[in-house]
Amino acid sequence: MRAEDTTKTIDAAIQAAVWAPSVHNTQPWSFAVDGEEIALRADSDRKLRVGDITGREQLISCGAALENMRIALRAMGREALVRVLPDPDRPALMATVRLGEPVEPDEHTLMLYGQVERRRTHRAGFTDQPIPDRLLDELAQQAALEGARLTPIRSTAAVRVLAALTEAAQEVQAQATLFTMDVIRWGRAPESGRADGVPAEAYPREPVTTEPAFAQRDYAHGRPWGGEADRLTATSTGLIAVLTTLADSREDWIAAGQALQRVLLHASAHDVRAAFHTQSLEMFHLREFARQELLSGEYPQMIMRLGFTPDEGIGVRRPVDEVREDTGA
């Protein structure tokens with residue numbers, strides 16, 4: 001493979017990686033390139049100081065970035081040779097990705113790759129349009145490919161319990177100064193030039209009431225930030241789904257991030273978007289309650305609402321040259 005082709009492929013992989021979702025859009029990663037190998041590293045300065053003490057959410061975020069790299073490489077015609085957590089003495093090294101043999105990208109891979117920069121996180125209500133069962137089955141299959149389970153929550157009672165857990169966690173966290181500082185740090189003011197964090201236009205100025213209501217983060221912290229939500233059609237909670245794993249190791253968190261991203265990209269290709277609610281998963285006893293009482297002992301890695309929305313949303317990302325380092329000779 002010519003050097004310029006290798007460079008183009010590496011560039012495409014990292015460009016795709018930076019568009020992965022991350023908690024509060026912290027973008028908690030960096031990339032080191034050495035020849036035909038990319039090292040994905042966790043950036044400790046961007047880890048939530050209180051809400052993510054174990055690093056679970058950071059590793060899920062990095063797993064999503066890893067999935068984007070794998071998809072991009074295959075779309076560019078190269079297999080991705082991945083080693084996850086390859087060096088116990090380097091805990092910040094999430095994975096190495098080396099260019100493998102040439103491959104012919106399949107139609108589904110190209111479809112997912114086309115959604116990398118289109119996918120957006122939603123932070124308001126959805127329309128009443130239901131998600132087809134066929135699509136839900138496909139989303140579950142995408143999660144299973146990466147070793148996770150995506151479960152739509154059909155029970156009205158279980159949905160109410162998850163909403164109550166989210167509300168309880170939000171109320172407690174809102175009263176805790178250190179938790180609040182985690183959120184404030186990543187809330188962007190209107191017209192901010194920052195390329196990370198949650199833009200003020202990415203959530204409604206006044207929360208849209210749905211039934212049951214899933215509490216949203218208060219990135220504005222009492223200030224009149226936020227955009228105008230569609231209060232006529234975007235009033236539905238959407239479909240509640242939980243992403244789980246059988247175990248709860250660092251490897252499982254990275255796998256959950258990869259599974260999550262496959263689900264989100266496939267959903268985006270069908271105009272379905274996701275809203276995330278991780279408050280209760282940041283509190284050990286609430287997460288354990290959900291695991292034992294609602295999820296048959298499996299470990300919840302993400303609680304989300306899925307649905308259709310007329311709002312395309314906005315996305316901001318740091319430029320690649322800010323997160324990339326070339327270490328080769």
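Which side chain meets that of Glu37 in a salt bridge? The partner is Arg98, with an N to O distance of 3.5 Å. The model is predicted, and the structure holds 20 salt bridges. Side chains of opposite charge can pair when their charged atoms come close.

- Glu37 counts as partly exposed, at 24% relative accessibility.
- Arg98 also counts as partly exposed, its relative accessibility being 36%.

**Within a helix: Glu288 and Arg291**
- A salt bridge links Arg291 to Glu288, and their closest N and O atoms are 2.8 Å apart.
- Both residues sit in helix α8 (residues 284-293), where a spacing of three residues separates them by about one helical turn.
- Arg291 has a relative accessibility of 14% and counts as buried, because the limit for that class is under 20%.
- Glu288 is buried as well, with a relative accessible area of 17%.

**Arg324 and Asp326**
- Asp326 and Arg324 form a salt bridge in which the closest N and O atoms are 3.0 Å apart.
- Arg324 has a relative accessible area of 22% and is partly exposed.

Notes: Residues numbered from 1 in each chain as written. Predicted model: local features only at pLDDT ≥ 70, side-chain atom pairs only at ≥ 80, totals over all residues. Heavy atoms only, no water. Salt bridge = Lys/Arg side-chain N within 4 Å of Asp/Glu carboxyl O. Buried < 20%, exposed > 50% of the residue type's maximum accessible area, 1.4 Å probe, protein only. Helix = DSSP H or I, 4+ residues; strand = E, 2+ residues; numbered from the N terminus.
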